[in-house]
Amino acid sequence: MRILGLDPGLRVTGYGIIDQSGQTLRYVASGVVRTASGGELPERIRILFAGVVEILERFRPDTAAVEKVFVNVNPQSTLLLGQARGAAIAALTAAGRPVFEYTALQVKQAVVGNGHADKVQVMHMVKRLLQLPAEPRPDSADALACAICHAHGGSGLGGVVTSTRRRRAGRML
């Protein structure tokens, strides 16, 4: 199975693609979709949507894992992040890909074993788990971590995973 992980952001959206065969994970690609800082919101949303479509066409993932929005201290930032996330999810669902959502806590727990791990720990574990020659950049590492989280069955602790259906502890609800 090929999994696309996305770490949405309005300026920079990280993506990471891995292949999963049983318990084996293999790195395929990673990078970012950038929008013009300070550009008009509708144009930035269009660029993000088109970037995700291009990734889908190029790598043909079977499924996607997207990090959930956390409520920020700044409500305006949270709203903008939500719009970026919405553009990415719209591109994924328009292409017929199943979308699973994970909290940052679930992603860190699945990759590092500590839901409160810092970015450096996440980058190090992504490098190690995927046997990369160097640590990926932070946005790509977060996206790859999201894909790894999905490959490990969500949080690895039987947490709730959202999609068009909900799963708890391995059974469909």
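Colleague: In which sense do β1 and strand β4 pair, and over how many bridges?

Modeller: Two strands pair if DSSP finds at least two bridges between them. Here β1 and strand β4 (residues 63–67) pair in the parallel sense over four bridges, and L6 has V66 in β4 as its bridge partner. Strands (E, at least two residues) and helices (H or I, at least four) are DSSP runs, numbered from the N terminus. Before we go on, this is a predicted model: local features need pLDDT of at least 70, side-chain atom pairs count only at pLDDT 80 or more, and totals for chains, interfaces and linings use all residues. Residues are numbered from 1 along each chain as its sequence is written, and side-chain values use heavy atoms, with hydrogens and water left out.

Colleague: How do β1 and β2 pair?

Modeller: In the antiparallel sense, over six bridges. L4 stands opposite I17 in β2, and the two strands form a hairpin with four residues between them.

Colleague: Is strand β1 mostly covered or mostly uncovered?

Modeller: Buried means under 20% relative accessible area, exposed over 50%, and partly exposed in between (1.4 Å probe, protein chains only). In β1 (residues 2–7), five of the six residues are buried, so the strand is mostly covered.

Colleague: How many aromatic pairs does the structure hold?

Modeller: Rings of Phe, Tyr and Trp (its six-membered ring) pair if their centres lie within 6.5 Å; planes under 30 degrees apart count as stacked, over 60 as edge-to-face and the rest as tilted. This structure holds one such pair. The ring centres of Y15 and F59 are 6.5 Å apart and their planes stand at 40°, so the pair is tilted. Because Y15 lies in strand β2 (residues 12–21) and F59 in helix α1 (residues 41–59), the pair ties together parts 44 residues apart in sequence. Y15 is buried, at 11% relative accessible area, and F59 is buried at 11%.
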